[in-house]
Structures are given as structure tokens and as C-alpha cells.
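Colleague: I would like to learn how to read a few features of a structure, taking the general idea before the particular case. Could we go through them one at a time?

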Amino acid sequence: MQRVLKMSQVHRNPRQPREYFNEEALVELANSIDKYGLMQTIEVRPDNEQGGYEIVAGERRWRAHQILGRTKIRVTIISEKSEIQRFKRSMSENVTREDMTPFEEAYGYQRILDEEEGATVESVAGDFGKTVTYVKLRLQLLELRAEFQQLVQDGKIGTQAAVQIAQLNLANQGAMLSKFVRGEFKSDNEIVHFAFAMKQQQDQAVLMIVEDLTEEQRTERAAAKKKTQATLDDIERLAAKLEEIAKTDALKLAQALEGHIGVRMEQLERVSGLLTRAKFQLKQAKAHAEAKELVSVNPQAQAPEHEHAAA
């Protein structure tokens, strides 16, 4: 049922999924409503406890009316009595908005799982048109330490990096937090590499402890070390040959490779691709080497004290 209500009769739902509202976006919405009118009514329900009407969906439009100083607003009054169903209606309106934070989304999914009978990650994903993996990754964010949650909220760490960190136990999250506060990560990409390395060592740390290896395993590890270092030394020698080609006059190269230039170009493309992959592996190896000094395999371990940014 559609009606026009006084703004004073309408109030927000304190348990709705949104807490953060971008002020610039609200002003843009207010300008649009001022110019074109309210294109879609907000949804409200009678509030028998507080009186008046509680917003089910459309708080942004209601806030825009406040910005404009409007005294009335068009509404659709719904009779949905289930609070969790009202919450889901509100979630469905907001879940695709860019300014809905990852944590608002994660807490919303978790609330549905906690309060809706029979709800599963699969059913939640279906309700909002998301993949199961997407919902699981959002829920993973709730495993983050409060300090990291704040860093994500402040835009200092991206969602992808945050998800990777969230897979660590609290002690390892604390170790990463200390490195972050000290400014030891130059980018989100470095955070992802380091957190991934810590997770691997957290899950398989016993494989990294030399003291626990058998004599046979020690011998195998020493042989692998020698072989890898020899391979990298060979690459360094090949670099001199590549430098020789790089310095050769292009006309002379054309004469020397007449009829074979295409084949040689393909050869160098393969080498270039392998070099990129090798660099990625070495970057991950570097992260493993640094993480080895910090990793804790005890999921119940307390996080170490860390330096504060102001220190």
C-alpha cells in the first residue's frame, strides 16, 4: 500500500545492514530527487513498539530527503512480520552498491546464517546472486583481527589482501600487523605474497624445520639446494649471451638470421614467459624466507605485541 508520510513518522532500522553512507553519493542522489522526483518509493513497516514506521528498504532515499529538507516522503507499507526476511529485503537492495563495505556485507551474510532457519552458505549465495566462493571469502573477513578490519575499512588494505590475511591464525596475523605498521609492505601484492607464504608454512611448518628431518631428507634437501643454485648460475651465464644479442646491430641480426627470424622470436618469447614465471616463484620464495622467522603453527597462540603507528 502506497502512502505519503511525514518524514517525522519514519525512522531507520538500527539493525539494517548498512552503517556507512558515502556523503558525496547521498548529495548526488538528493540532487537527482530534487530534479526528477522520487522514482521509487521507500519500503516501511508499522513499528508497534516505537510508533511510526521503520524503514525496510530505501534509507539512502530517506537520507536524501533529509538533505533536501523535505517534510514528506512517498512510501510503500509492507506487512512482512519476519525480521530476518525484512533484513534480507534490505540486503538485496544494498548488496550490489559500491559503497556497501565488505564487512557490512559479511556481517549481513553471517546474520542470515545465524538467524534464518535452514540457511546455508549455498542458500545465501543463491538469494543474492553471488557464487558460493564469493560469500565464503566475504565471511572469511570476519576472522580478521580488529586492527586489520579497521585498515580495510580505511582503505589502507584491499579486500583480496585482507582475505589472505584472514586465513592466518591470530599469532601470525599479529606478526603481519607488526610488519605492516613498520611500513615493510610496499603494496597489496606484497601482502598477498607474504600472507600466502605464512599460510603454507602455518599448515606445513614441520616440513620447514631442518632439525626434524631424517638424514635422507637432509641429503635430499642439500642436493636440491646445490642443483637450484647451479641452475641459477647457468642462467647468469646465459644472461651474457642475451646481452650480446641485445647489443648486436639489428641489420646484422637480420643478415645472420635470414629465414629464421620468426623461429628465433618465438624462442625468445618462450624464454621471456619462463623468466616471468621464475621471477614470480622467487618472489614467493623470498616471502617464504621472511615468513619462516615469524610463523606460528599454534592456532590458539596469542598474537605478539606490535608497534603502534604513532610509535
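Predicted model: local features only at pLDDT ≥ 70, side-chain atom pairs only at ≥ 80, totals over all residues.

Colleague: Which residue forms a salt bridge with Glu59?

Modeller: As a general idea, side chains of opposite charge can pair when their charged atoms come close. Here the partner of Glu59 is Arg63, with the closest N and O atoms 2.8 Å apart. Both residues lie in helix 2 (residues 59–68), where they are 4 residues apart, or about one turn of the helix. Arg63, at 22% relative accessibility, counts as partly exposed, whereas Glu59 is buried.

Colleague: How many salt bridges does a search of the whole structure find?

Modeller: The search finds 18 salt bridges. One of them joins Glu115 to Arg15, with 2.9 Å between the closest N and O atoms. Since Glu115 belongs to helix 4 and Arg15 to the loop between strand 2 (10–11) and helix 1 (23–36), this pair ties together parts that are 100 residues apart in sequence. Glu115 is partly exposed at 38% relative accessible area, and Arg15 is partly exposed at 41%.

Colleague: Staying with helix 4, at roughly what angle do the axes of helix 4 and helix 6 cross?

Modeller: Two packed helices are described by the angle between their axes and the distance between the axes. For helix 4 (residues 102–115) and helix 6 (residues 132–140), the axes cross at roughly 105 degrees and come within 8 Å, and the two helices are therefore roughly perpendicular to each other. On the helix 4 side the residues that meet helix 6 include Tyr109 and Leu113, and on the helix 6 side they include Tyr134 and Leu139.

Colleague: How should I read helix 7 and helix 9 in the same terms, and what is the angle at which they pack?

Modeller: Helix 7 (residues 146–153) packs against helix 9 (residues 170–181) at an angle of about 50 degrees, with the axes 10 Å apart, which means that helix 7 is oblique to helix 9. The contact is made by Glu147, Phe148 and Leu151 of helix 7 together with Gln173, Met176, Leu177 and Phe180 of helix 9.

How values were computed:
Residues numbered from 1 in each chain as written. Heavy atoms only, no water. Axes fitted to C-alpha atoms, helices over the stretch in contact; angles between N-to-C directions. Parallel < 35°, antiparallel > 145°, perpendicular 65-115°, else oblique. Contact = heavy atoms within 4.5 Å. Salt bridge = Lys/Arg side-chain N within 4 Å of Asp/Glu carboxyl O. Buried < 20%, exposed > 50% of the residue type's maximum accessible area, 1.4 Å probe, protein only.
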